[in-house]
Amino acid sequence: MKNQKIERVVNPFIRIAGTQALLWGALGLVVSTLLSWLSGYHYHGLLHFGPAPNPAWWCYWAEHLMVWLVPATLFYIGGKIFSHSKIRMVDVYGTVLFAQLPMIVMNLIYLLPPMQAIAQVDSTMAPTEILAIPNLHWAIFLSLLGLPFIIFSLIWMFQALKVSCNLKQSRLWIIALVGIIGGDFICRLLIGLFY
């Protein structure tokens, strides 16, 4: 029984997929985008998060859409090419969007005052000025606290690909790496056009 609960946490797509995953993921996308807008932190890519020079509300929406659609599209194309199963678009896009739900916790962390102080750091500041920022140690701790949620989101993305495209072994790993690392690279290029 305990193993089943752990398995459901590590792979929620055993029980949720398709339209249900898409709807929960869409709700998460709205919440995550709103929290990013409130904190002033941007998604620079799938694996990159921080301040950016464009505070426009549409920029936050566009970033979140890119971070969802780019890896999901790479997964979908890879699944269509390498899977012998019938691949449903709603399953791939829904599970990938659902897999990004843990990022909401990271967005909440970035609303906290120490993280807001770090957002004001200018790249031209001297290291001594940066070290003098009040509560810098808390900001570093909070940044590290957000890391497990990024990792958890990546684990869920891997599981989303595995379940929605019915892939195994080397094909699964290759498409996962292309979707995540290649997706991050493509997202960074596209999102960079917004600044």
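Me: In this predicted model, in which helix is Leu 147 found?
Reply: This is a predicted model. Leu 147 is found in helix H8.

Me: Is Leu 147 buried, partly exposed or exposed?
Reply: The relative accessibility of Leu 147 is 43%. Buried means under 20% and exposed means over 50%, with partly exposed in between. Because 43% falls between these cut-offs, Leu 147 counts as partly exposed.

Me: Which residues make the nonpolar surface patch, and what is its area?
Reply: Leu 147 belongs to the patch, together with Ile 6, Val 10, Ile 140, Leu 144, Ile 151 and Ile 155. The patch made by these residues has an area of about 590 Å².

Me: Which elements give two or more residues to the nonpolar patch, and which gives the largest share?
Reply: Helix H1 (2–10) and helix H8 (136–165) each give two or more residues. Five residues make up the largest share. That share comes from H8.

Me: At what angle do the axes of H3 and H8 cross?
Reply: Two packed helices are described by the angle between their axes and the distance between the axes. Pro 71, Phe 75 and Gly 79 in H3 meet Met 157, Leu 161 and Cys 165 in H8. The crossing is right-handed. The axes of H3 and H8 come within 10 Å and cross at roughly 35°.

Me: Is the crossing of H2 and H4 left-handed or right-handed?
Reply: The axes of helix H2 (residues 18–39) and helix H4 (residues 89–98) come within 7 Å, crossing at roughly 35°. Residues of H2 that meet H4 include Gly 18, Ala 21, Trp 24 and Gly 25. On the H4 side, the contacting residues include Tyr 93, Gly 94 and Phe 98. H2 passes H4 in a crossing that is left-handed.

Me: How many residues of H4 are buried, and which helices do they pack against?
Reply: H4 is mostly covered, with eight of its ten residues buried. Among them are Asp 91, Val 92, Thr 95, Val 96 and Leu 97. The buried residues of H4 pack against H2, helix H3 (57–82) and H8.

Me: Is Asn 107 buried or exposed?
Reply: Asn 107 has its place in helix H5 (residues 103–109). Its relative accessible area is 0%. The cut-off for buried is under 20%, so Asn 107 is buried.

Me: Which residues is Asn 107 in contact with, leaving aside its neighbours within four places in sequence?
Reply: Neighbours within four places in sequence are left aside here. The contacts of Asn 107 are then Ser 32, Leu 35, Ser 36, Tyr 43 and Phe 49.

Definitions and conventions:
Residues are numbered from 1 along each chain as its sequence is written. This is a predicted model: local features need pLDDT of at least 70, side-chain atom pairs count only at pLDDT 80 or more; totals for chains, interfaces and linings use all residues. Side-chain values use heavy atoms; hydrogens and water are left out. Patches are made of residues with over 30% relative accessible area and no salt bridge: like charges are joined within 9 Å, nonpolar side chains (Val, Leu, Ile, Met, Phe, Trp, Tyr) within 5 Å. Accessible areas come from the Shrake-Rupley method with a 1.4 Å probe; for residues, only the protein chains shown count as cover. A salt bridge is a side-chain nitrogen of Lys or Arg within 4 Å of a carboxyl oxygen of Asp or Glu. Helices (H or I, at least four residues) and strands (E, at least two) are DSSP runs, numbered from the N terminus. Buried means under 20% relative accessible area, exposed over 50%, partly exposed in between (1.4 Å probe, protein chains only). Axes are lines fitted to C-alpha atoms, for helices over the stretch in contact, and angles run from 0 to 180 degrees between N-to-C directions. A crossing is left-handed if the near helix is turned anticlockwise from the far one by less than a right angle, and right-handed if clockwise. Contact means heavy atoms within 4.5 Å.
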